[in-house]
Amino acid sequence: MSDDDKHIADGGGEVEETSPKRSKRFEALDKREVTKDGFVNEWPEVGFVAMESPNDPDPSVTVEDGEITHMDGKDRDEFDFIDRFIADYAINVDKAEEAMEIDSVQFARDLVDINVPREEIVELSTAMTPAKLVDVVNHLDTAEIIMAMKKMRTRQTPGNQCHVTSVEDNVAQIAADAAEAALRGFYEAENTVGVARMAPLTALAQQIGAQCGRGGVITQCAVEEATELELGMRGMTGYAETVSVYGTEDVFKDGDDTPWSKAFLASGYASRGLKMRYTSGAGSELNMGQAEGKSMFYLETRCVLVTKGCGVQGLQNGGISCIAIPTSVPAGVKEVAAENLVTMMADLEVASGNDQTFTHSDKRRTARMMPQFLAGTDFIFSGYSAVPNYDNMFAGSTFDSYDFDEYNVMQRDLQVEGGTKPVDEETVLEYRERAVKALQVVFEELGFPPITDEEVEAAIYADGSKDMPERSTADDIQAAEEMMDEGITGADVVAILAKNGFKGIAENMLGILKSRVAGDYIQTSSIFQGDGEFDVLSAVNDPNEYQGPGTGHRLTGEDWEEKKKIRFAVDPEDI
Amino acid sequence: MAQATQQERKLVLTEAGVAEEGTKSDEVVIAISVGFNDMKDETLAGVRHANVIREMMAGIEEEGVTARIVRFYDNLDLGVIGLRGAKLSGSGIGIGIQTRGTTLIHQEDLVPLSNLELFPQAPLIDLETFRAIGKNAALYAKGETPEPVPVANDPMARPTYQALAALWHIKEMGYKDKDKEPMEMEVSFE
């Protein structure tokens, strides 16, 4: 273009702002949802990298007199408290040198080789250092991670967990939604709150709702750790998950914690027969600005081994509340699948994320969950939002109640067990009604702020909190404080339910309380089958025996027939 | 033009000695993080720190309570600075706020992660909410139990802002001074 071609302003008006002419294609692309997501270029110096940071250590180990004296490039006197904890409690020292000598590529191949059974892998993978586990899994691509997960998850039957929350902490709505979620097939339901002091009441509401269906859906309330433990001890919840561990010493210290204090907390649950798992996930150290330049994958692998060392049966990871950090950098979605896999290699239960929004794009959120969905994990989502995302107090999940039908269709399309099933509207309304009426009675008997008939009616038919009448949070908080002060327990609630004609719910809730005495459900990867009999499925009596075609969990028989029955399929006989 | 100037007015925070434990029961401490109004002068969502402070102070003062501002240099954790602010406050009530805008109301006898009210989604806190947070903190200081400020929930805040928030936080870490004590801040607007 010569100077002659330039448009010259005539000087009679303001100078024209000339912006470069835009491609209409690019203008259209700029309007796509994905452009609203946060993407960041890698910054390895601070650890803003998903996998393979140049600062990740090389694997190494020295064992002297049954003690690890050197690990991943550090001598024992240079260990931070995480190294020390892992070296002393998480690694099978007897096998460590043998496991570390294996060529990482060879071991990566064994992970995807259907002829190598899970037990053989676990015997060695539980003797590896964090850097070694990272080195092995770095050799896998995403399809191989899926293959490895299929073999390595501990329990053979895959499952799913959901979130049941309300932006208003509306108890009637929570009870009804928990009942519906149970019917839809979730094995576990998780609540949290907008206002911390509401937790006792929302936990109670969720527990009552979840028990009004098939019996044996366990519930948790994710709040501050001491409160969470107390709610469990009181029998207001049936398990816990939000006990966080981190991959660097500084983040632990900021929370006034160490691996030992976390182990102590875990023993509080174990001593009461309560199921619990830890929570970690990529990005949390970076979120605190304390990632020491290490990759998210290496730090998360340390978290997995801290969990193992604490003797805790399982872990929730896969990004979790910091998911938008790994997914902002290259290979971030692969990394979160890789951390799920390492958890399985440590022989732990895994609740595999897919539980918090990280993208505006429907395609990205679906692609993100494919590894866990196709392979199957103990809990594919941890959890799936059983309420509209505007009510999801974990700031939104990757899938929510508006995706119920699509998620069922995806299971039907691919013949994959995703942990939910089609339900009909009539039954859903029936369940919701029973739940909220039971809660109404319990509130009345305990002298809590009444749940009005108008609220009951609204909760039965509600989609979300926008459909609920106003309710005073301040009054409910007072009731919550009373409930804690007066020492009301799950047993008191069972008695009230039984006395007022809610025998089924009472029996189910009692079943949960009794299971804590039996203790079977604190075995690795335990779920209740949900038939009201309180039979436990776990890694002990349902071990994953996948070894290629014809083995492992297959979606067949009754379960498959159930999946086929989506609401809007046309029956050829009707035409 | 006058209005534009007003909106653009600058917050000036000047150190006025090591922060002491307050003795007046009618005060609320606003605990700010090390980079607040320094590394950046607006929140992640682009709300100017000058307006954040003005609204919170107005919310506190309209209840007849006094606001003090204390900056913490040695810790960036919101639960920690919020709680330590509450402990310095004569009423035992403090507000904690980070540069990115994440805010909470804390009380001296609680633990860091269990607060009175938390507003974790920084980009969703508008000026009206900041004022309401100030007002509620003042009401707690007076021993009342107000209705909590409605918590905003936007599932798309994390996808847009979380990675950016982490970057800000990492940069703010560079401002930390682990040996420096919390300082009382004098507030003026220019």
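## A buried loop residue

Ser525(A) counts as buried because 31 C-beta neighbours lie inside 10 Å, the term buried being used where 20 or more other C-beta atoms lie within 10 Å of a residue's own, exposed where there are 12 or fewer, and partly exposed in between, with C-beta atoms placed from the backbone. The residue is found in the loop between α22 (503-518) and β12 (527-528) of chain A, where helices (H or I, at least four residues) and strands (E, at least two) are DSSP runs numbered from the N terminus. Leaving out residues up to four places away in sequence, Ser525(A) touches Thr154(A), Arg155(A), Gly314(A), Glu349(A), Asp378(A), Ser538(A) and Ala539(A), a contact requiring C-beta atoms, placed from the backbone, to lie within 7 Å. Ser525(A) and Gln313(A) are 212 residues apart in sequence, yet their C-alpha atoms are 7.2 Å apart in space.

## Basis of the description

This is a predicted model, in which local features need pLDDT of at least 70 and side-chain atom pairs count only at pLDDT 80 or more, while totals for chains, interfaces and linings use all residues. Residues are numbered from 1 along each chain as its sequence is written, and chains are lettered from A and ligands numbered from 1 in the order in which they are written.

## An exposed loop residue

Pro469(A) is found in the loop between α19 (453-461) and α20 of chain A, and is exposed, with 12 other C-beta atoms within 10 Å. Apart from neighbours within four places in sequence, Pro469(A) is in contact with Glu454(A), Glu455(A) and Ala458(A); from Glu454(A) it is separated by 15 residues in sequence and by 7.7 Å in space, C-alpha to C-alpha.

## The parallel sheet

In chain A, four strands form an open sheet in the order β6-β5-β4-β11, with parallel pairing; two strands pair if DSSP finds at least two bridges between them. Strands β6 (218-221) and β11 (382-385) of chain A stand at the edges with a single partner strand each, so one side of each is left without a neighbour in the sheet. Neighbouring strands of this sheet are turned by 35 degrees against each other on average, direction ignored. Strand β4 (residues 161-163) of chain A pairs with β11(A) over three bridges in the parallel sense, and His163(A) has Ser385(A) as its bridge partner in β11(A).

## Helices of chain A

Helix α9 (residues 199-210) of chain A lies across β5 (188-191) and β6 of chain A and runs at about 165 degrees to β6(A), where axes are lines fitted to C-alpha atoms, for helices over the stretch in contact, and angles run from 0 to 180 degrees between N-to-C directions. The axes of α9(A) and helix α8 (residues 171-183) of chain A come within 7 Å and cross at roughly 35 degrees.

Helix α15 (residues 332-345) of chain A is mostly covered, 13 of its 14 residues being buried. Asp347(A), which follows α15(A), has a positive phi, near 65 degrees.

## Contact between the chains

The contact takes 33 residues from chain A and 27 residues from chain B. On the side of chain A that touches chain B, the elements giving two or more residues are α10 (225-233), α13 (284-287) and α20 (473-485) of chain A.

Notes: Two residues are in contact if their C-beta atoms, placed from the backbone, lie within 7 Å.
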